[in-house]
Structures are given as C-alpha cells and as structure tokens.
Amino acid sequence: MASTFFTWLRSPKAREYFFSTHFWGPVANWGLPLAALADLKKDEEVISGTMTTALACYSLVFMRFAWKVQPRNYLLFACHATNATAQIVQDVRFVKYWHFGGREDKLAAHPGLAEEGKVTQAIKAAADASKTQA
C-alpha cells in the first residue's frame with residue numbers, strides 16, 4: 001500500500017494534482033473550519049446566529065458540490081464537512097443560550113456577569129441602530 005502511494009507521489013499525475021486548484025482551493029479554504037473550531041471555545045454571548053447559520057448552509061452546499069464534481073474533491077468535502085459540523089454546533093450553542101434559558105442560568109450562577117451582558121446589549125443596540133440608519 002505505502003509503496004503504491006510513493007510510486008504515485010513521484011508520478012506526473014501527482015505533480016499535476018498538487019499544482020492544481022483541485023488541491024490548493026481546499027487547502028486555502030481550511031481557514032474557515034479552523035476558525036470555526038477555535039470559536040467553539042468562545043462565550044455564547046458573541047455568537048452571531050445569522051452568520052453561523054449562513055456559514056453552515058454555505059458549507060452544506062459546497063459539500064454537495066465537492067461530491068458531485070468529477071473527479072470528486074474529497075479534500076474540499078472534508079473541509080466543508082468540518083466547517084458545517086462546527087457551525088451547526090455553534091448554532092446549537094446560540095439557540096440554547098439565547099432561547100432556552102442558557103443566558104439566565106449563566107447570569108444566575110455568576111451575578112457579576114449581568115453588568116457585562118448589559119454592555120454587550122448596548123453594543124448590539126448601537127450596531128442595530130447604525131444598520132437602520134444606513
């Protein structure tokens with residue numbers, strides 16, 4: 001098995017693959033899922049439900065594309081499968097926090113966070129106001 005791989009690796013087909021967009025596109029795209037995985041450790045207060053849902057949908061669409069394109073682009077598929085999974089996990093965290101009592105539980109457990117939440121709400125309100133003015 002390993003000798004077959006190394007034989008292929010020295011072949012012109014391998015060079016053609018490694019110098020193509022079929023390889024470098026997905027490699028460059030891995031920034032999205034890596035950032036999404038890093039964001040899983042952040043506080044739920046800063047999750048954007050709209051953007052997270054959009055990124056999950058984007059990755060689901062491109063998973064299908066990577067599967068349908070010929071030859072199949074497994075590297076692109078894996079990249080978007082990772083991103084879609086991370087974004088869906090973020091969406092679940094967002095919904096639990098904002099709609100199923102997660103925020104209230106957190107504030108009850110740590111009363112000092114209530115002031116921080118008010119600051120975050122003020123920032124969001126200012127951002128919403130600037131959007132409506134634009």
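This is a predicted model: local features need pLDDT of at least 70, side-chain atom pairs count only at pLDDT 80 or more; totals for chains, interfaces and linings use all residues.
**Rings, helices and contacts**

Me: How many helices and strands does the chain hold?
Reply: Helices (H or I, at least four residues) and strands (E, at least two) are DSSP runs, numbered from the N terminus. From that end, the elements run α-α-α-α-α-α-α-α. The count is eight helices and zero strands.

Me: What share of the chain is buried?
Reply: Buried means under 20% relative accessible area, exposed over 50%, partly exposed in between (1.4 Å probe, protein chains only). The chain has 134 residues. The buried share is 23%.

Me: What share of the contacts with a separation of 6 or more joins residues 24 or more positions apart?
Reply: Contact means heavy atoms within 4.5 Å. Take the contacts in the chain with a separation of 6 or more. Residues 24 or more positions apart account for 69%.

Me: How is the ring pair of Phe23 and Trp24 classed?
Reply: The structure holds six aromatic pairs. In the pair of Phe23 and Trp24, the ring centres are 4.9 Å apart and the planes stand at 80°, so the class is edge-to-face.

Me: Are Phe23 and Trp24 buried or partly exposed?
Reply: Phe23 has 16% relative accessibility, so Phe23 counts as buried. Trp24 has a relative accessible area of 48%, so Trp24 is partly exposed.

Me: How is the pair of Tyr58 and Phe62 classed?
Reply: Their ring centres lie 5.0 Å apart, with the planes at 50°. Both residues lie in helix 5, four residues apart, about one turn of the helix. Tyr58 is partly exposed at 31%, and Phe62 is partly exposed at 32%. The plane angle makes the pair tilted.

Me: Which residues does Ala56 contact beyond four places in sequence?
Reply: Ala56 sits in helix 5 (residues 49-68). Its relative accessibility is 5%, so Ala56 counts as buried. Leaving aside neighbours within four places, the contacts of Ala56 are Ala84, Gln87 and Ile88.

Me: How is helix 5 oriented against helix 6?
Reply: Axes are lines fitted to C-alpha atoms, for helices over the stretch in contact, and angles run from 0 to 180 degrees between N-to-C directions. Angles under 35 degrees count as roughly parallel, over 145 as roughly antiparallel, 65 to 115 as roughly perpendicular and the rest as oblique. Helix 5 and helix 6 (residues 74-99) pack at about 155°, with axes 8 Å apart. That makes helix 5 and helix 6 roughly antiparallel.

Me: How many nonpolar, polar and charged residues are in the contact of helix 5 with helix 6?
Reply: A crossing is left-handed if the near helix is turned anticlockwise from the far one by less than a right angle, and right-handed if clockwise. Helix 5 passes helix 6 in a left-handed crossing. Ala, Val, Leu, Ile, Met, Phe, Trp, Tyr, Cys and Pro count as nonpolar, Asp, Glu, Lys and Arg as charged, and the others, Gly among them, as polar. By class, the contact has 16 nonpolar, eight polar and one charged residues.

Me: Which residues of helix 3 and helix 6 make their contact?
Reply: The two axes come within 8 Å and cross at roughly 15°. The helices are therefore roughly parallel. Their crossing is left-handed. Helix 3 gives Phe23, Pro26, Val27 and Asn29, and helix 6 gives Leu75, Leu76, Cys79 and His80.

Me: Which residues does Asn29 touch beyond four places in sequence?
Reply: Asn29 is found in helix 3 (residues 21-29). At 16% relative accessibility, Asn29 counts as buried. Its partners are Tyr58, Leu76, Cys79 and His80.

Me: How far is Val46 from Phe94 in space, C-alpha to C-alpha?
Reply: Val46 lies in the loop between helix 4 (31-39) and helix 5. Val46 is exposed, with a relative accessible area of 60%. Val46 and Phe94 are 48 residues apart in sequence. In space, C-alpha to C-alpha, the distance is 9.0 Å.

Conventions:
Residues are numbered from 1 along each chain as its sequence is written. Side-chain values use heavy atoms; hydrogens and water are left out. Rings of Phe, Tyr and Trp (its six-membered ring) pair if their centres lie within 6.5 Å; planes under 30 degrees apart count as stacked, over 60 as edge-to-face and the rest as tilted.
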